[in-house]
Amino acid sequence: PCSPSSSWRRYSFIPQDRRQTSKPFANNDVTFETVPEEADLTYTIHEADSNTDVTTATGSFNSGGFDNHSGSGYYAMGGTNDYVQWTVNVQEARTYPISVRYSLGDKSLGGNRPLKLNVNGNFEVESYDMIFTDSSSYWRYSDIVNVPLDAGDNTIRLTVFEQDGGVNVDHLRVGKPPAIVIKLNGWP
């Protein structure tokens with residue numbers, strides 16, 4: 001991670017950003033390099049676009065409104081006890097890192113809409129934080145949680161509790177992408 005005084009601490013780039021830089025970075029060359037020790041890491045994306053992707057309760061599927069979601073839409077979680085549940089198939093029984101891509105544009109309730117995370121009815125995180133993302137159109141990943149998955153089908157469920165409303169859920173990521181080193185050549 002960047003040092004606390006770094007200009008980069010709050011921002012991250014993707015390869016498409018290299019030609020979108022602005023002052024004071026307009027004449028700099030940005031490169032992206034995979035961390036060699038993580039080059040073999042893989043992940044899968046499990047969308048929350050429709051009821052063919054996930055099982056849900058009271059929320060709604062949306063295909064427009066908040067841009068930059070992946071797939072064809074997202075699931076807007078509803079009130080208390082609403083949930084979104086994926087069936088995830090893995091080849092090998094072991095612990096997998098997971099995270100959820102979501103947006104939350106509401107600062108009420110302290111800017112956090114924690115959800116209950118349940119895996120196969122056995123593993124549970126009572127309060128999985130979903131922190132305010134500055135806007136409903138700004139998506140981010142939740143903290144990574146390591147969960148035990150069995151070979152074959154597994155159920156991963158997020159449930160709204162103790163508040164009337166959840167977050168917008170874009171997808172579930174199982175696994176971890178390789179870390180990227182961002183190099184800015186010509187930095188003053």
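How many aromatic pairs does the count come to? The count comes to two aromatic pairs, where rings of Phe, Tyr and Trp (its six-membered ring) pair if their centres lie within 6.5 Å.

## Basis of the model

This is a predicted model, in which local features need pLDDT of at least 70 and side-chain atom pairs count only at pLDDT 80 or more, while totals for chains, interfaces and linings use all residues. Residues are numbered from 1 along each chain as its sequence is written, and side-chain values use heavy atoms, with hydrogens and water left out.

## The pair F61 and Y75

F61 and Y75 form a tilted pair, 5.1 Å centre to centre with 55 degrees between the planes; planes under 30 degrees apart count as stacked, over 60 as edge-to-face and the rest as tilted. F61 lies in strand 4 (residues 60–62) and Y75 in strand 5 (residues 74–76), so the pair ties together parts that are 14 residues apart in sequence. Strands are DSSP runs (E, at least two residues), numbered from the N terminus.

F61 is partly exposed at 30% relative accessibility, whereas Y75 is buried at 0% (buried means under 20% relative accessible area, exposed over 50%, partly exposed in between, with a 1.4 Å probe and protein chains only).

## Charges over rings

The charged end of R157 sits over the ring of Y83, 3.6 Å from its centre. R173 lies over the face of Y141, 3.8 Å from the ring centre. The criterion is NZ of Lys or CZ of Arg within 6 Å of the ring centre and within 35 degrees of the ring normal.

Key:
Helices (H or I, at least four residues) and strands (E, at least two) are DSSP runs, numbered from the N terminus.
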